[in-house]
Amino acid sequence: MIEVTQTGKSDPLEFNVLVSDGNGETRHRVTAARGDCEKLTRGTCPPERCIEAAFHFLLEREPKEAILASFDVTVISRYFPEFEKELPRYIAQS
C-alpha cells in the first residue's frame, strides 16, 4: 500500500509517503515543484497522484527499503532514465 499525504502548500510541494506491505513499512519525504508535476502528468491529475504513480514505478524496480528516505521527484530520472516516458502508464493504473 502507498499512502501519500501532502504536507506543504508552498512551491516546491512536500509529501510524506508511507509504503507498507506484509514485511513492514518505510517512510519517505518527497518534494516536487508544481511545474514538474504538471510536466510529468501532462496536467492530467493532482500532484498526490503523480507521487503515488512515481512510487508504483519505483517499486517495480527496487524494494521499498532501497528507495531514498528523502528526495525530489526529478531525481528518479537520474537513476531510471525511462521514468518520464513510463510515468503516464502508472498514472493511468493508479
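Predicted model: local features only at pLDDT ≥ 70, side-chain atom pairs only at ≥ 80, totals over all residues.
The chain contains four helices and four strands. Their order along the sequence is β-β-β-α-α-β-α-α. The radius of gyration is 12 Å, close to the 12 Å given by the globule rule for 94 residues, so the chain is as compact as a globular protein of that length. Along its principal axes, the C-alpha trace spans about 35 × 25 × 25 Å. Of the 94 residues, 38% are buried. When contacts with a separation of 6 or more are considered, 49% of them link residues 24 or more positions apart. The chain exposes about 5300 Å², and carbon and sulfur atoms supply 49% of that area. Charged side chains number 12 positive and 16 negative, with the centres of the two sets 3 Å apart.

In general, an α-helix has 3.6 residues a turn, so residues three or four places apart point the same way.

Helix H4 can be described along similar lines. Phe 83, Leu 87, Tyr 90 and Ile 91 are its buried residues. Their arc around the axis is only 100 degrees, which puts them on the same side of H4. Lys 85, Ala 92 and Gln 93 are exposed on the face turned away from that buried side. The buried residues of H4 pack against H1, H2 and helix H3 (76-79).

Val 4 belongs to strand S1 (residues 2-8). It is 14 residues from Leu 18 in sequence, and the C-alpha to C-alpha distance is 6.6 Å. Leaving aside neighbours within four places in sequence, Val 4 is in contact with Phe 15, Asn 16, Val 17, Glu 48, Ile 51 and Glu 52. Asp 72, in turn, sits in strand S4 (residues 70-72). Asp 72 and Leu 18 are separated by 54 residues in sequence and by 16 Å in space, C-alpha to C-alpha. Not counting residues up to four places away in sequence, Asp 72 touches Thr 31, Ala 32, Ala 33 and Asp 36.

Two backbone details complete the picture. Most residues other than glycine have a negative phi, and most peptide bonds are trans. Against that background, the bond joining Asp 11 and Pro 12 is a cis peptide bond, with omega about 10 degrees. Pro 12 lies in the loop between S1 and strand S2 (13-21). The other detail concerns Arg 42, which follows H1 and is found in the loop between H1 and H2. Its phi is near 55 degrees, a positive value in a residue other than glycine. Is Arg 42 buried or exposed? With a relative accessible area of 61%, Arg 42 is exposed, since that term applies to values over 50%.

Methods: Residues numbered from 1 in each chain as written. Heavy atoms only, no water. Helix = DSSP H or I, 4+ residues; strand = E, 2+ residues; numbered from the N terminus. Rg over C-alpha atoms; globule rule 2.2 N^0.38 Å. Buried < 20%, exposed > 50% of the residue type's maximum accessible area, 1.4 Å probe, protein only. Contact = heavy atoms within 4.5 Å. Areas by Shrake-Rupley, 256 points an atom, 1.4 Å probe, with all protein chains shown as cover. Lys, Arg positive; Asp, Glu negative; His and termini not counted. Charge placed at Lys NZ, Arg CZ, Asp CG, Glu CD. Arc of directions from axis to C-beta.
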